[in-house]
Amino acid sequence: IQGLDLLKEDRRDLTEIFTITVDNKDTRDRDDAISIEIKEPDVVLLGIHITDVGSIIEKDSPIDLEAKSRNTSIYLPDLTINMLPDTLSEGVFSLREGEASLALSIMAKFVLSELKEWEIFTSYIKPNEVMTYEQVDRVLSSPQEQSHLELTAFDEITKSLRASRRERGAILLNRPSLDITVGPNNLVSVDVVNTDTPGRLAIAEAMVLANSLLAKFCTQMDLPIIYRTQEKTDAEAYETLSPNRLDALGQYELMRKLPPACMTTVNNKHSGLGLDHYIQATAPIRRFCDLVIQRQISHALKYEENLYSAGELENIVQCSTAKLKRASSITNERKRYWFLKWLESRMDDGLDEYQAVVLVANSQGFGILELAEFPFRFKAQLSGFDRPGDIVSVRLNLIDMWSRTPKFNVIS
């Protein structure tokens with residue numbers, strides 16, 4: 001890719017602003033960053049900056065067509081399949097410490113943690129530091145750390161935003177996830193990632209803010225775009241009080257009542273997030289629809305016209321929906337396979353007993369359970385006395401790797 005310096009023309013220079021990228025320690029395709037400027041004790045300028053892939057990769061170019069075919073990056077325990085060529089997704093487009101990068105920026109002014117005004121523009125940025133979520137948590141808890149004031153201000157803003165969304169009916173599920181990696185000789189390691197840590201919650205809320213403001217911009221400009229919507233749940237009010245990550249039963253029952261989110265070119269509410277307008281444009285390196293949305297917005301900012309028609313976007317939605325569903329199925333199946341391989345290796349070491357939470361118990365004695373220590377669900381025969389919410393001991397007797405099915409027996 002040539003001429004990147006020329007693309008800096010007509011962009012705001014934000015390279016002097018304190019900017020960080022925050023991701024998992026193994027992330028190689030960093031597509032978002034935040035900047036924090038404390039203007040006055042109660043006035044903070046928060047920036048969310050997305051690597052501007054859409055301004056560099058042209059519509060219907062060979063790379064764009066290949067990205068459209070792949071539609072998404074796929075992250076498996078033993079393999080990563082990038083949507084874009086590795087040299088781009090993990091090189092030119094990835095935000096790196098001390099290097100200038102083109103960006104689409106959302107700048108929001110907060111007074112006493114309340115959003116007062118915002119604007120969207122193209123820019124170029126230079127991250128001061130690449131941080132992990134754990135490093136952010138440490139800085140937040142350590143007043144002596146260099147960026148403690150900035151990150152504390154950021155944390156307070158995102159807590160206020162999250163509380164405001166909760167008041168508007170947002171359902172804030174923070175279900176833990178499994179981080180499974182496969183090393184040399186197929187050595188499997190498994191970690192449980194809690195998604196409700198301060199750093200993860202703050203960054204996630206910043207991305208929600210960015211996407212909601214981008215959606216509002218498109219609505220105000222009458223710009224054809226791909227929205228993300230979700231109908232209102234039919235759960236009772238008390239059921240939507242966001243069970244914590246330790247309440248496996250509460251999370252399971254609430255998730256069953258949530259209608260699926262969907263992509264559409266028709267603007268509608270995203271009830272699960274408590275927002276009137278919402279799009280997803282913060283991951284253009286790894287999601288094709290994000291790339292298209294970003295390209296549409298960047299083009300409109302520069303030329304004040306549409307690059308994609310509503311009909312073109314509708315066709316992209318139809319193609320992407322099926323491909324994303326297939327990619328999600330592949331990812332889940334592959335993670336399940338390697339998690340079962342890990343359980344199998346523990347059986348060889350004599351570790352076969354676990355605690356599990358009963359989620360469903362039917363009249364025939366069959367139930368759905370979730371391991372207490374790991375967010376993994378399975379079916380098993382229950383006793384006549386086991387009820388949803390009960391914690392039981394189970395023993396893993398065998399695993400059918402062909403059908404990806406573990407055989408657990410309840411032992412108490």
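Predicted model: local features only at pLDDT ≥ 70, side-chain atom pairs only at ≥ 80, totals over all residues.
Local features need pLDDT of at least 70, side-chain atom pairs count only at pLDDT 80 or more, and totals for chains, interfaces and linings use all residues. Residues are numbered from 1 along each chain as its sequence is written, and side-chain values use heavy atoms, with hydrogens and water left out.

**Exercise 1.** Find which residues of the largest nonpolar core touch the most other members.

*Solution.* Start with the rule: a nonpolar core is a set of buried Ala, Val, Leu, Ile, Met, Phe, Trp, Tyr and Cys residues joined through side-chain atoms within 4.5 Å. Buried means under 20% relative accessible area, with a 1.4 Å probe and protein chains only. The largest core has 63 residues, and Leu151, Phe154, Ile279 and Ile297 touch the most other members.

**Exercise 2.** Classify the ring pairs Phe339–Phe376 and Trp342–Phe374.

*Solution.* Rings of Phe, Tyr and Trp (its six-membered ring) pair if their centres lie within 6.5 Å; planes under 30 degrees apart are stacked, over 60 edge-to-face, the rest tilted. Phe339 and Phe376 sit 4.8 Å centre to centre with 40° between the planes, a tilted pair. For Trp342 and Phe374, the centres are 5.2 Å apart and the planes at 80°, so that pair is edge-to-face. Now check burial: Phe339 and Phe376 are both buried, Trp342 is too, at 11% relative accessibility, and so is Phe374, at 6%.

How values were computed: Buried < 20%, exposed > 50% of the residue type's maximum accessible area, 1.4 Å probe, protein only.
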